[in-house]
Amino acid sequence: RGKTRHTKGKVETRGKIKISHPIEERPAGANDRSEFGHWEADTVAGKTGSSCIITLTDRRSRYLLIKKIPHRKASCVKDGMIELLKALPADKRRSVTPDRGKEFASHAEITKELGGLPFYFPHPHAPWQRGTNENTNGLIREYCPKAVDMESFDEQYFISFTNEINLRPRKCLGWKSPFEVFFGIVLHLT
């Protein structure tokens, strides 16, 4: 059949999402974890082709938000993220750092819907640039293993294990829980 030829200087754009801001443009408050409201986003899939969950983790407090969606498509992810982030006060939503998956292709629509909430994208194949969310996804896998169909769990199951993760004390937070740090409430005496 022969070699496929392209004109000189042609850049391949199929299967790639448009990046609004690279991670280098992310504010200092997000990088040094001094401000609330800088979120890292990802999706956690169960059985292939089944439903999945959107995870949003606050960089400062490690507070976790979860939403189950029917498909891992950009439209479903967009609707789920808008629902999760609209429930937060404006000072608790400053930026989002997702991975470069196609499910986040509708990030411009989320930005428009939420009054200019910026998205900062890490470099390709660099999961350590959003390590908070990757670590939290590892905790989620204790409750939702990879091969399990997410449809087998009801909404109450997701709420209960999200609460468990958010109430788990963390060494990096001085043995406070993400819930305590995010809401500024002391739940237990040390």
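Helices are DSSP runs of H or I with at least four residues, strands are DSSP runs of E with at least two, and both are numbered from the N terminus. The model shown in every panel is predicted.

**Figure 1. The fold of the protein chain, overview.**
The protein chain holds six helices and six strands. Read from the N terminus, the order of elements is β-α-β-β-β-α-β-α-β-α-α-α. Along its principal axes, the C-alpha trace spans about 70 × 40 × 30 Å. Of the 190 residues, 45% are buried. Among contacts with a separation of 6 or more, 60% join residues 24 or more positions apart.

**Figure 2. The largest nonpolar core, close-up.**
In soluble globular proteins, nonpolar side chains tend to be buried together. The largest nonpolar core of this model has 27 residues. W39, L56, L65, M81, L85 and V96 have the most contacts inside it. Strand 2 (38-45), strand 3 (52-58), strand 4, helix 2 (74-86) and helix 6 (178-183) each give two or more residues to this core. Helix 2 gives the most, with six residues. A second, separate core has 13 residues, including V44, L139, F158 and I165.

**Figure 3. M81 and its neighbours in the core.**
M81 sits in helix 2. It is among the residues with the most contacts inside the largest nonpolar core. Is M81 buried or exposed? M81 has a relative accessible area of 0%, so it counts as buried. Leaving out residues up to four places away in sequence, M81 touches A41, I54, L56, V96, F104, I110 and F119. F179 lies 98 residues from M81 along the chain. The C-alpha atoms of M81 and F179 are separated by 20 Å.

L65 is one of the residues with the most contacts inside the largest nonpolar core. Which residues does L65 touch, not counting those up to four places away in sequence? They are W39, I54, T55, L56, L84 and L88. L65 also lies among the lining residues nearest the centre of the second largest pocket. So does L84.

**Figure 4. The second largest pocket, close-up.**
About 220 Å³ of space lies in this pocket. Its lining has 13 residues, and L65, I66, L84, I159 and T162 lie nearest the centre. Strand 4 (64-69) and helix 5 (155-166) are the elements that give two or more residues to this lining. Which element gives the most to the lining? Helix 5 does, with six residues. By class, the lining has seven nonpolar, three polar and three charged residues.

**Figure 5. The largest pocket, close-up.**
Rolling a probe the size of a water molecule over the atoms shows where empty space is left. The largest pocket holds about 260 Å³ of space. How many residues line it? The lining has 15 residues. D99, R100, G101, P124 and H125 lie nearest the centre of this pocket. Six of the lining residues are nonpolar, four polar and five charged.

Most residues other than glycine have a negative phi. R33 is not a glycine, yet its phi is positive, near 60°. R33 lies in the loop between helix 1 (28-31) and strand 2. With a relative accessible area of 26%, R33 is partly exposed. H125 also is not a glycine, and its phi is positive at about 60°.

**Figure 6. P145 in its loop.**
P145 lies in the loop between helix 4 and helix 5. Why does P145 count as partly exposed? Its relative accessibility is 39%, and partly exposed covers what lies between buried, under 20%, and exposed, over 50%. P122 lies 23 residues from P145 in sequence. From C-alpha to C-alpha, P145 and P122 are 26 Å apart.

Technical notes: Residues are numbered from 1 along each chain as its sequence is written. This is a predicted model: local features need pLDDT of at least 70, side-chain atom pairs count only at pLDDT 80 or more; totals for chains, interfaces and linings use all residues. Side-chain values use heavy atoms; hydrogens and water are left out. On a 1 Å grid over the protein atoms alone, a cavity is a set of points where a 1.4 Å probe fits but cannot get out, and a pocket is an open set with protein on both sides within 12 Å along at least five of seven lines; lining residues have an atom within 4 Å of a point. Grid points are joined across faces, edges and corners, and a volume is the space filled by probe spheres set on the points. Ala, Val, Leu, Ile, Met, Phe, Trp, Tyr, Cys and Pro count as nonpolar, Asp, Glu, Lys and Arg as charged, and the others, Gly among them, as polar. A nonpolar core is a set of buried Ala, Val, Leu, Ile, Met, Phe, Trp, Tyr and Cys residues joined through side-chain atoms within 4.5 Å. Buried means under 20% relative accessible area, exposed over 50%, partly exposed in between (1.4 Å probe, protein chains only). Contact means heavy atoms within 4.5 Å.
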